[in-house]
Amino acid sequence: MQVPAPFEYERATSVDHAISLLERLGGTARLIAGGHSLLPMMKLRLANFDYLIDINDLHGELGYVEAGPDEVRIGALTRHRELLESPVLATAFPIFADAERVIADPVVRNRGTLGGSLCQADPSEDLSAVCTTLDARCVIRGPGGAERVVSMEEFHVGPYETAVADDEILVEIRLPVRPGCGSAYAKVERRAGDWAVVSAGAAVWLDGGAIVDARVGLAAVGPNTTGIPAISAALRGREPSESLYEQAGAIAADSCDPVTDQRGSADYKRHLAAELTRRTLRRAVERARS
Amino acid sequence: MQVTMTVNDVEVTREIEARLLLVHFLRDVLGLTGTHWGCDTSNCGTCVVWLDGEPVKSCTVLAAMAGGHQVRTVEGLAKGAELDPIQQGFMQCHGLQCGFCTPGMMMTARALLDRNPDPSETEIREAISGQICRCTGYATIVRSVRWAAVAEAQAAAQVTETTESSEAGEIDNAGQPAEAVA
């Protein structure tokens with residue numbers, strides 16, 4: 001039987017209450033949302049905390065997808081299934097549904113949350129790659145209601161490490177909306193619902209047939225969720241074409257840093273990084289045009 | 001700590017350790033051993049129960065997290081002596097062999113039909129994709145869920161029809177209810 005080490009359970013009744021609990025309990029406490037990353041780690045005693053603060057009751061406050069004129073705002077407690085079924089995201093950023101269809105399974109998706117996924121900061125995690133692709137901004141709230149907004153690059157400090165301090169909570173993800181956008185996600189996995197061998201997200205913004213901007217985010221190819229500025233630079237101002245996707249794929253393969261493990265060799269993962277970059281860019285352009 | 005939740009419409013209060021998982025609370029504290037305990041890693045899905053009407057893997061939910069919420073287990077599927085159509089479907093279509101995955105499969109299937117009364121085979125396979133049948137009896141599980149969907153549709157049609165001729169037809173063991181007798 002796998003059972004976590006003993007801890008005390010607290011339940012937050014509001015975001016501010018959660019922060020006040022974190023202020024009091026500090027690094028000995030951890031927030032628990034869906035729990036589908038944290039509890040397995042605690043069962044294996046890879047993570048041990050004196051206190052767990054259950055924030056699931058805050059879903060009313062932090063579970064939403066809202067479309068604004070300049071950005072889409074998603075509450076950190078929005079569950080995978082809500083992201084998958086969101087009409088707002090289906091229209092603005094179909095990359096989310098692409099990714100959600102291949103994250104775990106429908107029952108797990110009933111529990112897991114966007115904020116939990118990002119805060120887990122697993123380099124193989126899909127939504128981190130999605131948010132990197134979309135140039136997301138993360139809203140972090142701390143004591144006294146003070147909020148700061150950081151980019152995904154700033155948010156994701158390293159494997160299992162984020163910019164969220166001991167007395168802070170990730171409350172919202174903001175996705176900038178620009179015209180002419182298309183986006184897509186693709187993942188190669190060993191079996192349905194597994195972690196990625198490699199996955200890639202792509203977003204393009206077209207104007208008059210030319211690429212105004214493009215972003216590619218990769219997962220599972222290095223210690224960090226990887227956004228690739230060199231691809232953006234290579235694509236800006238160009239007309240979409242197969243040879244351009246080829247070029248972007250080659251940059252992706254060169255830019256990443258995969259390791260050989262039970263999921264595949266480093267060479268195979270580089271091959272996937274190139275191929276999935278090509279596929280998702282192609283798809284993103286098709287969607288931007290439709 | 002003390003936890004109070006509603007399990008199969010009955011409110012229960014127990015003194016527990018905070019680290020107790022919902023699956024063990026149901027099985028070991030309440031004695032509801034219909035919910036099975038399998039992989040312990042949220043992969044196999046035999047521990048699926050409902051939390052506020054949504055299927056969840058109870059090996060990865062703390063009992064404390066269910067406090068104040070509604071839990072439904074496989075024991076809460078039947079209405080008295082009357083089996084749920086999902087349970088009837090599993091009987092009719094050989095939906096279980098060893099029976100280990102069955103409680104989780106049935107809870108997920110029931111939730112699926114509640115949201116989508118007429119799921120395709122693909123939709124059924126997607127819904128149970130987080131659950132493993134160690135007998136590999138997926139074909140008959142899918143057939144069982146289809147059986148229940150058709151049976152429920154026929155029962156609903158029967159309720160709305162007023163003439164005797166609308167009685168639902170026989171349902172055969174191959175899983176597809178026969179055409180209603182006109």
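In the predicted model, helix α9 of chain A, which spans residues 126-133, is mostly covered, with eight of its eight residues buried. The buried positions of α9(A) are A:D126, A:L127, A:S128, A:A129, A:V130, A:C131, A:T132 and A:T133. Just after this helix, A:D135 adopts a positive phi of about 55°.

Chain B contains five helices and five strands. Read from the N terminus on, the order of these elements in chain B is β-β-α-β-β-β-α-α-α-α. Chain B has 182 residues, and buried residues account for 46% of them. Considering contacts in chain B between residues at least 6 apart in sequence, 57% join residues at least 24 apart.

The two chains touch each other: 22 residues of chain B are in contact with 23 residues of chain A. On the chain B side, strand β4 (54-57) and helix α4 (121-127) each supply at least two of the residues that touch chain A. The largest share of this side comes from β4(B), which provides four residues. By residue class, the side of chain B that touches chain A divides into nine nonpolar, seven polar and six charged residues.

Within chain B, the packing of one pair of helices was examined. Two packed helices are described by the angle between their axes and the distance between the axes. Helix α3 of chain B (residues 102-115) packs with helix α5 of chain B (residues 138-160) at an angle of about 40°, and their axes are 11 Å apart. An angle under 35 degrees would count as roughly parallel, and 65 to 115 degrees as roughly perpendicular; α3(B) and α5(B) are therefore oblique to each other. The crossing of α3(B) and α5(B) is right-handed. From α3(B), the residues that make the contact are B:M105, B:A109 and B:L113. From α5(B), the contact is made by B:I141, B:V145, B:A148, B:A149 and B:E152. The residues of this contact between α3(B) and α5(B) comprise seven nonpolar and one charged, with no polar residue.

Methods. Residues are numbered from 1 along each chain as its sequence is written. Chains are lettered from A and ligands numbered from 1 in the order in which they are written. This is a predicted model: local features need pLDDT of at least 70, side-chain atom pairs count only at pLDDT 80 or more; totals for chains, interfaces and linings use all residues. A residue is buried if 20 or more other C-beta atoms lie within 10 Å of its own, exposed if 12 or fewer, and partly exposed in between; C-beta atoms are placed from the backbone. Two residues are in contact if their C-beta atoms, placed from the backbone, lie within 7 Å. Ala, Val, Leu, Ile, Met, Phe, Trp, Tyr, Cys and Pro count as nonpolar, Asp, Glu, Lys and Arg as charged, and the others, Gly among them, as polar. Axes are lines fitted to C-alpha atoms, for helices over the stretch in contact, and angles run from 0 to 180 degrees between N-to-C directions. Angles under 35 degrees count as roughly parallel, over 145 as roughly antiparallel, 65 to 115 as roughly perpendicular and the rest as oblique. A crossing is left-handed if the near helix is turned anticlockwise from the far one by less than a right angle, and right-handed if clockwise.
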